[in-house]
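Dear colleague,

Please find below the structure that I am handing over to you. I would be grateful if you could look through it together with the notes that come after it.

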Amino acid sequence: MDCLDSSGDVFILGATNRPDLLDPALLRPGRFDKMLYIGPCQDEDSKLKVLKALSRKFVLEDVILEDIVKMLPSEVTGATVYAICSSAWLFAARELIRDKKVNADTKVVVQMKHFEQAVSETT
């Protein structure tokens, strides 16, 4: 970062779940001089936004995201919601493999039952 000059438009963003371990030199002005704490999702609207963002590329069938949000704990982190989405997709993929329904054109379709299973195993 020291070699960057002001002629370029460069923005550097860092993220950590352990800010206590950051080298103080990184927090001096001109480096990572701003810290923003993002805590767990506490309201249904923020949980829904995170869930929508994480499942936007999924092929969903009979899934009502609002119902999934209601199954989540009162405070949930983005990492936990990510784990739930990832697990749901994996459950759907494993089901296809188990049922021998896989070919070159197969798409993994995530259903409500996959999310329910993921929520029960993750939370």
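Predicted model: local features only at pLDDT ≥ 70, side-chain atom pairs only at ≥ 80, totals over all residues.

Residues are numbered from 1 along each chain as its sequence is written, and side-chain values use heavy atoms, with hydrogens and water left out.

Overall form. The chain holds four helices and two strands, in the order α-β-α-α-β-α along the sequence. Helices (H or I, at least four residues) and strands (E, at least two) are DSSP runs, numbered from the N terminus. The radius of gyration of the chain is 20 Å, whereas a compact globule of 123 residues would have one near 14 Å; the radius is taken over C-alpha atoms, and the globule rule is 2.2 Å times the number of residues to the power 0.38. Along the principal axes, the C-alpha atoms fill a box of roughly 55 × 40 × 25 Å. Of the 123 residues, 22% count as buried, where buried means under 20% relative accessible area, exposed over 50% and partly exposed in between (1.4 Å probe, protein chains only).

Val 59 lies in strand E1 (residues 59-61) and is partly exposed, because its relative accessible area is 36%. Between the C-alpha atoms of Val 59 and Lys 107 the distance is 7.6 Å, although the two residues are 48 apart in sequence. Asp 62 is found in the loop between E1 and H2. With a relative accessible area of 55%, Asp 62 is exposed.

Positive phi angles. Asp 62 is not a glycine, yet its phi is positive, near 55 degrees. Lys 100, also not a glycine, has a positive phi of about 55 degrees. Lys 100 is placed in the loop between helix H3 (78-98) and strand E2 (109-111), and it counts as exposed because its relative accessibility is 75%.

Individual residues in other segments. Asp 67 belongs to helix H2 (residues 65-71) and, at 32% relative accessibility, counts as partly exposed. Leu 22 is located in the segment before helix H1 (44-54); its relative accessible area of 30% makes Leu 22 partly exposed.

With kind regards
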